[in-house]
Amino acid sequence: MFDRSFGRRTFLRGAGALGAAAAALPATACGYDDGALTFFFQANPEELRGRMRIIDEFQRQRPGITVRTVASGPDPMQQMSTFCAGGRCPDVLMAWDLTYAGLADRGVLLDLNTLLDTDPVFAAQLRADSVDTLYDTFQFKGGQFAFPEQWAGNFLFYNKQLFADAGLKKPPTRWDQPWSFDEFLDSAKALTKHDASGKTTQWGFVDTWVPYYSAGLFGMNNGTPWSAPRANPAHLNFDDDAFLAGVQFYADLSNTHRVAPTPADRQSMSTMDMFVSGKAGMAMGGHWRYGTFTRTDAVDLDLTVLPVGSKNTGAQSNIGTTGIAIAASSPRKQQAWDFLKFMTGPVGQALIGESGLFVPVLRSAVNSPGFAKAHTRIGNLTVLTDGPARSGCLPVTPVWEEIDALMDRSMGPVLRGARPAASLKSALSRDIDQVLARQ
């Protein structure tokens, strides 16, 4: 089994339980109408506090609008579909970068261009302050179906003390001046330690994200995008030699070079715990890991960028964003619009930055003193501030769930070392093309 302990960014970007946070929210469905604006979102307990701070401030500034929060269950995509199919769709919905297109394609989400056209001042301000790659992620078939609210792309956390103990220099601080696959591998080898019996006691690299997505991110950093175009692609590049070489490099980290734990190694300890306990020099993950990694002083950490292959055009993260959308069926569209503008505009984004829980998506917020103050333990803050603009696109398609299932099944043997990445050229590439042909 892959280590699925990657927090908020769960399967299909839309699954994951609220757990203890659910008890903190009203156990409210959307089955009655008392005039309150309903907001459906997913959050762990820490994120819940950050979101409630923004909601409370909105209600303080707009006392005429009451916001009722609706807790996400174990499968938010299914929950939203059930609500909306039954005529009980929440007014405002969290949107996930990889799965919103399915809802938009079924007419569940409102095209926000209809509201942007009536609010040209806000539209111009939002566009000018937004990072294009994030804003454009929620464009589908000519519509704008959500505004991004946070960036959650991947990068590398590293243990500064372990780097120093291994005699390694500090890794790169800039996405446009990255290190190579070979340099990254050399560092991972130097950070890997074994006891007298040969058992690994310290790993050079661990991955806290989804392994088959991470492998694709290494493929993208070897010079080939996941797809072209981004939206509604007819083909994914699992038959591209450079992309597959990046996937193979990632797989070899555990199976050939033994600088990363295999699935069997992860049975005794999660990759999160390996890094927090000082048993790993580098950990791949996103800002959603920051709170966990900084909860203890045991690890003196900093950030660095992902490595790149021979076609070096600068390193890239993944888009990794959630957004806020309005239900097409909402009877409170103007109230929803006011709330959406607050959440994704300068005030809400500033609160997000100050919370330290998320990376905001507006340039003004991510470069603000409040965001820097919330990250005083980070030296290489440019990894976060420049990350949104250095993010590459994963495909946006209403059939992503089917593609995800195919990748999970076909890439598993590659990541376990049972098959080479080149084996994906035939079956996986063909099967994905057949699914995309139905979109």
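Of the 58 residues in the largest nonpolar core, the ones that touch the most other members are F39, Y100, L109, F147 and F339. A nonpolar core here is a set of buried Ala, Val, Leu, Ile, Met, Phe, Trp, Tyr and Cys residues joined through side-chain atoms within 4.5 Å, where buried means under 20% relative accessible area, exposed means over 50% and partly exposed lies in between (1.4 Å probe, protein chains only). Helix α14 (residues 333-344) gives the most to this core, with six residues. Helices (H or I, at least four residues) and strands (E, at least two) are DSSP runs, numbered from the N terminus. Apart from this core lies another, of 52 residues, with F218, I403, L406 and I432 among them.

The model is a predicted one, in which local features need pLDDT of at least 70 and side-chain atom pairs count only at pLDDT 80 or more, while totals for chains, interfaces and linings use all residues. Residues are numbered from 1 along each chain as its sequence is written, and side-chain values use heavy atoms, with hydrogens and water left out.

What does Y100 touch, not counting residues up to four places away in sequence? Its contacts (heavy atoms within 4.5 Å) are A95, L109, T137, F138, Q139, F140, F145 and V396.

Five strands form an open sheet in the order β2-β1-β3-β13-β6, with mixed pairing; two strands pair if DSSP finds at least two bridges between them. Strands β2 and β6 (147-151) stand at the edges with a single partner strand each, so one side of each is left without a neighbour in the sheet. From one strand to the next, the twist averages 25°.

Within this sheet, strand β1 (residues 37-41) and β2 run parallel and are joined by five bridges. The chain crosses from β1 to β2 through helix α2 (residues 45-61), and this β-α-β crossover is right-handed: with the strands pointing away from the viewer, the path from the first strand over the helix to the second runs clockwise. F40 stands opposite V70 in β2. Strand β3 (residues 92-96) pairs with strand β13 (residues 321-326) in the antiparallel sense, over five bridges, and here M94 stands opposite I324 in β13.

Why is β2 described as largely enclosed by the rest of the structure? Five of the five residues of this strand (residues 67-71) are buried. In a regular strand the side chains alternate between the two faces of the sheet. Helix α3 (residues 76-85) lies across β1, β2 and β3, running at about 140° to β3; axes are lines fitted to C-alpha atoms, for helices over the stretch in contact, and angles run from 0 to 180 degrees between N-to-C directions.

The loops hold some details of their own. R88, in the loop between α3 and β3, is partly exposed, with a relative accessible area of 28%. R88 and S330 are 242 residues apart in sequence and 9.2 Å apart in space, C-alpha to C-alpha. K141 has a positive phi of about 50° although it is not a glycine, and at 57% relative accessibility K141 counts as exposed. The peptide bond from A228 to P229 is cis, with omega near 0°, and P229 sits in the loop between α10 (211-220) and α11 (241-255).
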